[in-house]
Amino acid sequence: SYLWDGYQIWGTKALVMYHHGALGKQWVAPGEQERLVSYPHMVPLYEALVAKVQGVFDWEALKPVFGLFYLSLLVSTFHAARLLVSRPIALAATSLLALLPAVSTRFSVGGYADMPQSALVAGTVAALLENCLPADGGWRSPAPWLIGGLMLVKSEGMLLAVIASTTVVVCWRLVPPTGVLARFRRYRGAIAVVIGGLATRWLSIIWLQSHDPTYGPLDRNHFAHAYENLLVVPRTCVQQMLNLS
């Protein structure tokens, strides 16, 4: 069944969108810094559109949405791996991902946004590895839309989009033919798409006049706290990766 995020963050927003046609401020408590309010709206919008197609809002009917993201994650992972290794190895890597309990059970099928976010991350990696930006500004490529979409699923997506964009710029600087300014001019359309995603997220936060208190302002104290926890993430990931159960 749905877990916390499935109901409290995404399902309720989808319900408001379905009945009101938009997500207004009618459910925002004045003066309250509620972290759920400032979450991006791509997932509940998707759910509301599914309900519109069906003609009725049914909580149970929203569950296949996350199955679609699960399949998208696997397809993108296989595509990305296939660009680097042989087909059998790519299939093995995709199968390993598909069978991981953390991916195929619990929070992922319970309506948390980690699955949609992961699907966008895998799609972004596959699109960037393919490196097939057309010469007409690059906006027709899936890569900029996926990078921009990273910011519209979860609050953490802003950091993921920054990492992806920085990686692209570094590659433009190091991989022949080099020349960052020339690439900026050539792919101005793709850059505009990414900026559009950033603007959508930023204006949403300003409009709601709310912020996620989980993440403090970019000041000295928060940077110091982040530095102290720098090794926590890789250490935790390694522990989970080595846990055979």
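A salt bridge is taken here as a side-chain nitrogen of Lys or Arg within 4 Å of a carboxyl oxygen of Asp or Glu, and by that criterion the structure holds two salt bridges. The model is a predicted one, in which local features need pLDDT of at least 70 and side-chain atom pairs count only at pLDDT 80 or more, whereas totals for chains, interfaces and linings use all residues. Residues are numbered from 1 along each chain as its sequence is written, and side-chain values rest on heavy atoms, with hydrogens and water left out.

**View 1. The protein chain as a whole, with its 12 helices and zero strands.** Helices are DSSP runs of H or I with at least four residues, strands are runs of E with at least two, and both are numbered from the N terminus. Of the 245 residues of the protein chain, 36% are buried, where buried means under 20% relative accessible area, exposed over 50%, and partly exposed in between, with a 1.4 Å probe and protein chains only. Among contacts (heavy atoms within 4.5 Å) between residues at least 6 apart in sequence, 71% join residues at least 24 apart.

**View 2. The salt-bridge network of Asp114, Lys154 and Glu156.** Side chains of opposite charge can pair when their charged atoms come close. The side chain of Asp114 meets that of Lys154 at 3.1 Å, N to O. This pair links distant parts of the chain, since Asp114 belongs to helix α6 and Lys154 to the loop between α7 (142–150) and α8 (157–174), 40 residues apart. Lys154 also forms a salt bridge with Glu156, at 3.8 Å, N to O. Lys154 counts as buried because its relative accessibility is 10%, whereas Asp114, at 36%, counts as partly exposed, and Glu156 is likewise partly exposed, with a relative accessible area of 31%.

**View 3. Helix α2 (residues 42–54) and its buried face.** The expected span of a helix is 1.5 Å times one less than its number of residues, so the 13 residues of α2 should span 18 Å, in agreement with the 19 Å between its end C-alpha atoms. The buried residues of α2 are Val43, Pro44, Glu47, Ala48 and Ala51. Seen down the axis of α2, these residues fall within an arc of 135° and therefore line one face of the helix, the arc being that of the directions from the helix axis to the C-beta atoms. Their cover includes α1 (4–20), α3 (64–82) and α6 (114–130), while the face turned away from the buried side carries the exposed residues Lys52 and Val53. Gly55, which follows α2, has a positive phi, near 85°.

**View 4. The largest nonpolar core and the surroundings of Trp10.** A nonpolar core is a set of buried Ala, Val, Leu, Ile, Met, Phe, Trp, Tyr and Cys residues joined through side-chain atoms within 4.5 Å. Trp10, Phe57 and Leu73 touch the most other members among the 38 residues of the largest such core. At least two residues of this core come from each of α1, α2, α3, α4 (87–99), α6, α7 and α8, and α1 gives the most, with six residues. With its neighbours within four places in sequence left aside, Trp10 is in contact with residues including Val43, Pro44 and Glu47, which are among the buried residues of α2.

**View 5. Helix α6 and the residue that follows it.** The 17 residues of α6 reach 24 Å from the first C-alpha to the last, close to the 24 Å expected at 1.5 Å a residue. Among the buried residues of α6 are Met115, Gln117, Leu120 and Thr124, and the elements that cover its buried residues include α2, α3, α5 (101–104), α7 and α8. Asn131 follows α6 and has a positive phi, near 50°. The C-alpha atom of Asn131 is separated by 9.3 Å from that of Ser141, 10 residues apart along the chain. Ser141 is placed in the loop between α6 and α7 and counts as buried, at 3% relative accessibility.

**View 6. Arg183 in helix α9 (residues 180–186).** Arg183 counts as buried because its relative accessibility is 13%. Residues up to four places away in sequence not being counted, Arg183 touches Trp172, Val175, Pro176, Pro177 and Thr178.
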